[in-house]
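The tour below goes from one selection to the next.

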Amino acid sequence: MIVIIDRAFFGTRKRSDHQFLNLFFAFTSIVALFYTFSPFFRSLEFKISHPKWQKLEVLSIQRGATSNVSTPFNFLEKTYTPVTINYLDVDGKLQSRREEIKHYAILGFEPLFKKQIIEKELDYIHSRSLNKLIDKKAVNLYQHPFKNSIKMFKGNDAFALRHSIGFQIALLITYLLFIGLTIYCVLRYKQLKTAIKSTNIKEQKKAYIILFIVMCTYLVLAITVLHYLKF
């Protein structure tokens, strides 16, 4: 699809190849974002790409005891709850499957972030999502048409950022960009100001891209801090 769009709308070979790389990067990034953080998108993609797999009926979900996992500096802190999923297989027989529902905490470092507040916020997020999943039986089970193989998708949310460790990785990258680009903008303030006013399109574009990334990191950091302060 990208190649067709690329060749249809962009003129010269050199420009066409450049635009192809931009389109490929944008398309891949968007798909990766949705696949990482969207249970609904993952389930939909699997249903479309595996049409012969049969969806199973989930009868009930029973929860177990919730546990917390933490490491120094809260870097990989998460909470998880084992659940037992009762469902009917393709032959109509009652089966059960044990899984873990987990959520990752806000990436925070003491003394800037208090561990007790991070745990309180994480417990709220986890309990709310777990109750929603159990009450609505929001688990999608698919069975292979010829093998005793089952694929499971937890939740039907459009976005569930806290289900994936990618959430903490994204926050860590944001923190590093926030610190690095803030220092860069302070040290290169005059050069950036000159580049914005410059008639050189490349220099101007580079300056605007840097400022846009800086604004995004500030926005993410502000949302994270405000959410943390709620607890």
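A residue is called buried under 20% relative accessible area, exposed over 50%, and partly exposed in between (1.4 Å probe, protein chains only). This is a predicted model, in which local features need pLDDT of at least 70, side-chain atom pairs count only at pLDDT 80 or more, and totals for chains, interfaces and linings use all residues. Residues are numbered from 1 along each chain as its sequence is written, and side-chain values use heavy atoms, with hydrogens and water left out.

**Whole chain.** Colour by secondary structure. The chain has seven helices and six strands; helices (H or I, at least four residues) and strands (E, at least two) are DSSP runs, numbered from the N terminus. Along the sequence the pattern is α-α-α-β-β-β-β-α-β-β-α-α-α. The radius of gyration, taken over C-alpha atoms, is 23 Å, well over the 17 Å that the globule rule (2.2 Å times the number of residues to the power 0.38) gives for 231 residues, so the chain is more spread out than a compact globule. Of the 231 residues, 32% are buried.

**Helix H3.** Select residues 39-49. Pro39, Ser43 and Phe46 are buried in this helix. They lie on the same side of H3, because they cover an arc of only 65° around the axis (the arc of the directions from the helix axis to the C-beta atoms).

**Lysine 132.** Show its side chain together with that of aspartate 157. The two meet in a salt bridge (2.7 Å, N to O), meaning a side-chain nitrogen of Lys or Arg within 4 Å of a carboxyl oxygen of Asp or Glu. Lysine 132 is in helix H4 (residues 115-135) and aspartate 157 in the loop between E6 and H5, so the pair ties together parts 25 residues apart in sequence. Lysine 132 is partly exposed, at 38% relative accessible area.

**Glutamate 99.** Is this residue buried or exposed? Glutamate 99 is buried, with a relative accessible area of 18%. Its side chain meets arginine 97 in a salt bridge (2.8 Å, N to O) and lysine 154 in another (4.0 Å, N to O). Lysine 154 is in strand E6 (residues 150-154) and glutamate 99 in strand E4 (residues 94-104), 55 residues apart. Both arginine 97 and lysine 154 are partly exposed, at 25% relative accessibility.

**Phenylalanine 75.** Select the loop between strand E2 (67-69) and strand E3 (78-88), where phenylalanine 75 lies. Phenylalanine 75 is partly exposed, with a relative accessible area of 35%.
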